[in-house]
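Here's a quick tour for anyone meeting this structure for the first time.

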Amino acid sequence: MEEQTLNAIRGLGHRLTGPRRGVVREMARASAPVTARALHAALADGGTDLATVYRTLHWLVELGMARPVVTGGAEHFELVSPDGHSHHLHCDDCGSLRTVSLCGLDRAVLDRIEREFGFQVAHHRLTFHGRCAGCRAE
Ligand SMILES: [Zn+2]
Ligand SMILES: [Zn+2]
């Protein structure tokens, strides 16, 4: 994911500065969408300030490499995966957010949407709401 994104950015003719690389690296490493503050904390050693992290995130969104995931609280960001899926588990108790690769949408559903509405689906978002394992154990 990290290399794919960096190559795509290079392909568009953009320079890859230290902070840009750092933000992409940390986003690729995370198992869930991240906030600008969390990224800033993860990059603390590199001397990248919070304003630069915000600027870099919005720049990635403009390029179509990242997207915001709104959860009702702080805005989280994730890299756009090549297959266009965006699936998350959101715990309504603790607010945790986790990325999952499971998808219940098969081709038949997309075909039906196209037949009934004349709408061609390019990508979709799916958020499951409920209680996470940690909250259920309490
Ligand atoms: Zn929870
Ligand atoms: Zn999916």
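Let's start with a pair of strands: β1 (residues 66–69) and β2 run antiparallel to each other and are joined by four bridges. Keep in mind that this is a predicted model.

- Strand β2 (residues 76–79) is covered on both faces. His76 and Glu78 are buried on one side, while Phe77 and Leu79 are buried on the other.

**The three-stranded sheet**

- Here three strands make an open sheet, in the order β4-β3-β5, with mixed pairing.
- At the edges you'll find β4 (97–99) and β5 (124–130), each pairing on one side only.
- Going from one strand to the next, the twist averages 25°.
- Why is β3 described as largely enclosed by the rest of the structure? Five of its seven residues are buried, so the rest of the structure largely encloses β3.

**How β3 pairs with its partners**

- On one side, β3 (residues 85–91) meets β4 in the antiparallel sense, with three bridges.
- β3 and β4 also form a hairpin, with five residues between them. Gly95, in the turn, has a positive phi of about 80°.
- Leu89 has Arg98 as its bridge partner in β4.
- With β5, β3 pairs in the parallel sense, over seven bridges.
- What does His90 pair with in β4, and what in β5? Its bridge partner in β4 is Leu97, and its bridge partner in β5 is His129.

**A residue flagged in a record**

- UniProt, in an unreviewed entry, lists His124 under "binding site".
- His124 lies in strand β5.
- Is His124 buried or exposed? Its relative accessible area is 15%, so His124 counts as buried, the cut-off being under 20%.

**Where α2 and α4 meet**

- Two packed helices are described by the angle between their axes and by how far apart those axes are.
- For helix α2 (residues 18–29) and helix α4 (residues 50–63), the angle is about 75° and the axes are 10 Å apart.
- That angle makes α2 roughly perpendicular to α4.
- On the α2 side, the residues that meet α4 are Pro19, Arg20, Val23, Val24 and Met27. Their counterparts in α4 are Thr52, Thr56, Leu57, Trp59 and Leu60.
- By type, the residues in this contact split into seven nonpolar, two polar and one charged.

- Thr5 is part of helix α1, and it is buried, with a relative accessible area of 5%.
- Setting aside neighbours within four places in sequence, Thr5 is in contact with Val24, Met65 and Leu79.
- Leu16 lies in the loop between α1 (2–11) and α2, and Leu16 is buried too, with a relative accessible area of 16%.
- Again leaving out neighbours within four places in sequence, Leu16 is in contact with Leu6, Ile9, Arg10 and Arg21.
- Leu16 and Leu6 are 10 residues apart along the chain, and their C-alpha atoms are separated by 7.8 Å.

How values were computed: Residues numbered from 1 in each chain as written. Chains lettered and ligands numbered in written order. Predicted model: local features only at pLDDT ≥ 70, side-chain atom pairs only at ≥ 80, totals over all residues. Heavy atoms only, no water. Pairing = 2+ DSSP bridges. Helix = DSSP H or I, 4+ residues; strand = E, 2+ residues; numbered from the N terminus. Axes fitted to C-alpha atoms, helices over the stretch in contact; angles between N-to-C directions. Parallel < 35°, antiparallel > 145°, perpendicular 65-115°, else oblique. Contact = heavy atoms within 4.5 Å. Nonpolar A, V, L, I, M, F, W, Y, C, P; charged D, E, K, R; others polar. UniProt positions renumbered as here; feature names shortened; annotations may be inferred. Buried < 20%, exposed > 50% of the residue type's maximum accessible area, 1.4 Å probe, protein only.
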